[in-house]
Amino acid sequence: MNDEFYMRKALVLARRGLGFTSPNPMVGAIVVHGGEIVGQGFHPRAGQPHAEVFAIDEAGEKARGATIFVTLEPCNHTGRTPPCTQKILNAGIDRVVVAMKDPNPDVAGGGLEYLENAGLAVTSGVLEKEAQKLNEIFVKYITTQLPFVLVKCAATLDGQLATRTGDSRWVTGSAAREYVHRLRHAYDGILVGAETVRKDDPSLTARLADMETCDPHRIILDPNLTVPVNAKLIRQKSDADTFLVTSDTISDSRLAKMKDAGVRILAVPLKNGRIPMRPLMKVLAGRGITSVLIEGGGKVIRSAFQAGIVDKINFFYAPKILGGNDGTAICSGSGPDRMIDAVDITDVRFERFGHDLLVAGYPRI
């Protein structure tokens, strides 16, 4: 078995922390002695032990003289938990294989250098691209102090999110909708416009029958304060917060009912009557939100692309055609004059969910 074989297993382990580790990355670790896996673990939640700790504890005495495979460089500093580098040294491990260095510019390479100086053999960069994609949210947040932004939509083949009456239930089938709930579980925040709340009265929670889920924080763009205080996402029970982003000119008396209902108010200066998206991302990052799932509607999606804040897209297309241009388009409003100014999507992949097609990719920067 080569290094990639064991690292793939470690990456599969790491993914088990999806949705639970924020603001930490997902990390998996495997201890191998004499070609046998003797210990394995993953980071389950922020504040709990790191993957290396679980793997080494499971290996016990078999860790002495072994190799540990870790999807992310072991930490060399004390945070909410002790440094993993010391755990590795104390266990008597001889070799450390790492997929990627810690992207945090303040600590990158420090853990590997510490272990090399202590006499351990260190290999880095095994399945590095796969590890970076697994933790693309963490990489973006830790290097820019801005949230990773995914735009998701469900549209007909002629690009409509809803009919002319606003009806959108349901554009896609159950398999695609279930996947969206997994996305909600994986992201810190979910963002929609006030019009979506008024028309659909959504819950914006993560609901899956086969697993425990974490609800995303609900973020509503409502510059004129039009969302009713009895909206479902405001009055429902959830461990996540509801943030209402509105104009900084709205009076406290108008905001009082929202505050009494437990809504967190983010008052920001408007630009041309709209909430500026790029400054908002800085505000959300300051609240510890490392990732944002934008679910619409068309005006919000257009604003996100025009502001250049989108890191990834998940566009679902259903085999349906409305046959008109009076519904809600994926992007509502004026676009560029020339095709050369369109947003190019790279690293495109396609996936089937029942009869629906997912187009996923990354806007070219």
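How many aromatic pairs does the structure hold?

Modeller: The structure holds six aromatic pairs; rings of Phe, Tyr and Trp (its six-membered ring) pair if their centres lie within 6.5 Å, and planes under 30 degrees apart count as stacked, over 60 as edge-to-face and the rest as tilted. One of the pairs joins Tyr6 and Phe69, which is tilted, with 5.1 Å centre to centre and 35 degrees between the planes. Tyr6 belongs to helix H1 (residues 3–14) and Phe69 to strand E3 (residues 67–72), so this pair ties together parts that are 63 residues apart in sequence. Helices (H or I, at least four residues) and strands (E, at least two) are DSSP runs, numbered from the N terminus. Ring pairs also bring in Phe5, linking Phe5, Tyr6 and Phe69 into a cluster. Both Tyr6 and Phe69 are buried, where buried means under 20% relative accessible area, exposed over 50%, and partly exposed in between (1.4 Å probe, protein chains only).

Two remarks on the basis of these values. This is a predicted model, in which local features need pLDDT of at least 70 and side-chain atom pairs count only at pLDDT 80 or more, while totals for chains, interfaces and linings use all residues. Residues are numbered from 1 along each chain as its sequence is written, and side-chain values use heavy atoms, with hydrogens and water left out.

A residue elsewhere in the chain is also buried: Leu293, with a relative accessible area of 0%. Leu293 lies in strand E12 (residues 291–296). Not counting residues up to four places away in sequence, Leu293 touches Leu150, Lys152, Leu183, Arg184, Tyr187, Gly189, Ile190 and Leu191; contact means heavy atoms within 4.5 Å.

As for the whole, the chain has twelve helices and 16 strands. Its radius of gyration is 23 Å, close to the 21 Å that the globule rule gives for 365 residues, so the chain is as compact as a globular protein of that length. That radius is taken over C-alpha atoms, and the rule is 2.2 Å times the number of residues to the power 0.38. The C-alpha atoms fill a box of roughly 65 × 45 × 40 Å along the principal axes. Of the 365 residues, 49% count as buried. Among contacts between residues at least 6 apart in sequence, 71% join residues at least 24 apart.
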